[in-house]
Amino acid sequence: MCLDSAFADRIFLDNTRVRVEFQKAMSRFFLQVYGCQMNQYEAGVVRDILERSGYTETSEEKNADVLLMLTCAVRSHAERRALGRLGTFRGLKDARRKTPDASSVIIGVLGCMSQNLRKNLAADHAADLIIGPDQYRRLPELIDKARETKVPQFALDQTEECYDDIIPGPSHPVRAFITVMRGCNNFCSYCIVPYTRGKERSKPLTRVLAEATALAGQGIKDITLLGQNVLAYHDQSNDFRELLEAVSEIPGIARIRFLTSHPKDLDEQVLSTIARIPKVCPALHLPIQSGSNRILKLMRRGYTREEYLAKIALAREYLPELNLTTDIMVGFPSETDSDFKDTLELVRTIGFDFAYMFRFSVRPGTQAVELGPKVSEAVAGQRLTRLIEVQNRITRERNSEMLNRTHELLIESPGPRQGMLGRTRTNRAVIVHSRLSIGQTVTCQVTRIQGWTPIAEVLGTEVPVPQ
Ligand code: SAH
Ligand code: SF4
Ligand code: F3S
């Protein structure tokens, strides 16, 4: 057992063992978060677990006794960035060794990259903790164990964990995420997520409602329900539509959003439910990935471009104000100029409000590793640049459609130049220059677009919150 910590506090003796309890309140953790919204949510889970065990968070990494990073593995770039940061963490650990207190700093890598790179993180990168997305509850125990034994601790078992009893405190005054599903069963051929996050499972509706109610009590008005594939939500007895209905009955919650929708699961019943419930915002994030049927098939996406187009047409019928966003990938193995043209053409036809655009990144262990021929970095780069040009133009056009229209704005935070930043129901950020408080809902008219940002004038401040 290691007694090198300056924080060793109380020593209990019982018949069988000596137990050292560190004075955790003195132990500070620093948490760096990478990756998707689900990681942002899970950062709250990790904070809750550590704070309940007596740790306090610090934003100063050089003061931390435990340096943690919550990682992403979706593209190699995400992993490289985290590994670079791990180098900084090692530097801080070495620096602490040279100080008079010489206590050991524990470095922990949590999340998808841990699940993916496993042993390499300890062997090549000197991590003390390698903890997968289902094992965050073990953090306090494993930090102690790593201190005591000075041996890297691994916790990578995949379980049905949903952290349903944990309600992370919101990190924003009016907006919060709730993860309602974890894992993914789709196995798109390029994607690492089903391997890092395991099988799809849903949080029981009663727990989602308890969480949303608690958040509403803390002033949260805008909730985003998260899942890798959120339309597939189902607990023992409720599906996604019932989830929307139930969350919409919570007083105080004015806006309900959800991410990410898989095109194969979007149907007329879901669309009619979204359209019928006033609190559910008319916004869909519906990753298309490619406009070529041949590539979509190789990706195992489960829809064709024609099916996708038909769903968008239906969605726009039900939700005339629809804000449609997407993810698109270029340079998938065997993608030809003609496949890429299909993507460009579809992007122009649909007119997405916004798109996240990526260059394919091969993920060892996924099926796409076997596919060829590879598209060269140079060609993939050119395609990405071209796609971004085309989509940026469309995004500007969609933005300019906001001009002179009236929007309902929920004020979220101070904005640039003494303004306030608000968000429309369609999830657009708008700046207003009026004296308003965070949490207020106002109507406004967009008068100009500055760069990418719509600027608006407030018309009225008495907008009733849907109950
Ligand atoms: N569950 C969501 C998103 C998962 S990851 C969905 O089903 O769409 C977010 C986005 O990252 C994906 O939509 C995809 O566009 C991109 N992505 C996933 N794997 C990738 C890879 N290997 N290379 C490049 N982009 C990838
Ligand atoms: Fe990855 Fe496909 Fe699952 Fe999305 S649906 S997380 S892209 S496997
Ligand atoms: Fe990345 Fe894991 Fe999210 S791989 S995108 S952090 S689910």
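I am working on a predicted model, where local features need pLDDT of at least 70, side-chain atom pairs count only at pLDDT 80 or more, and totals for chains, interfaces and linings use all residues. Residues are numbered from 1 along each chain as its sequence is written, chains are lettered from A and ligands numbered from 1 in the order in which they are written, and side-chain values use heavy atoms, with hydrogens and water left out.

**Ligand 1.** I looked up the shell, taking a residue as near a molecule if one of its heavy atoms lies within 4 Å of it. There are 15 residues around ligand 1, and Arg-75, Gln-228, Gln-289, Asp-327 and Ser-361 come nearest. I then listed polar contacts (a pair of N or O atoms within 3.5 Å; within protein, one must be able to donate a hydrogen and the other to accept it, and residues adjacent in sequence count only if both atoms are side-chain atoms). A nitrogen atom of the ligand is 2.8 Å from a polar backbone atom of Gln-228. For Ser-361, a polar backbone atom is 2.7 Å from a nitrogen atom of ligand 1. The side chain of Gln-289 has an N or O atom 2.7 Å from an oxygen atom of ligand 1.

The shell of ligand 2 includes Cys-184, Cys-188, Cys-191, Gln-228 and Arg-301. I sorted by class, with Ala, Val, Leu, Ile, Met, Phe, Trp, Tyr, Cys and Pro as nonpolar, Asp, Glu, Lys and Arg as charged, and the others, Gly among them, as polar. That gives seven nonpolar, three polar and one charged residues around ligand 2. Around ligand 3 I found Cys-36, Cys-72, Cys-112, Arg-197 and Gln-228, among others. The class count for ligand 3 is five nonpolar, three polar and one charged.

**Cysteines.** I searched for disulfides (a pair of cysteine sulfur atoms within 2.5 Å) and the structure holds zero. Cys-444 is in no disulfide, and the nearest cysteine sulfur, that of Cys-281, is 15 Å away. Cys-444 has a relative accessible area of 0% and is buried, where buried means under 20%, exposed over 50% and partly exposed in between (1.4 Å probe, protein chains only). Cys-184, at 10%, also counts as buried.

Ile-256 sits in strand β13; strands (E, at least two residues) and helices (H or I, at least four) are DSSP runs, numbered from the N terminus. Ile-256 is buried at 0% relative accessible area. Leaving out residues up to four places away in sequence, I get contacts (heavy atoms within 4.5 Å) from Ile-256 to residues including Leu-225, Leu-244, Val-247 and Cys-281. Thr-179 is in strand β9 (residues 175-179) and is buried at 3% relative accessibility. With the sequence neighbors up to four places away not counted, Thr-179 touches Met-38, Tyr-41, Lys-203 and Leu-226.

**Helix α9.** Which residues of α9 (residues 268-276) are buried? They are Val-270, Leu-271, Thr-273 and Ile-274. Asp-267 caps the N-terminal end of α9, with a side-chain oxygen 3.2 Å from the backbone nitrogen of Gln-269.

**Helix α5.** In α5 (residues 139-149) the buried residues include Leu-142, Ile-143 and Asp-144. Lys-150 follows α5 and has a positive phi, near 60 degrees.
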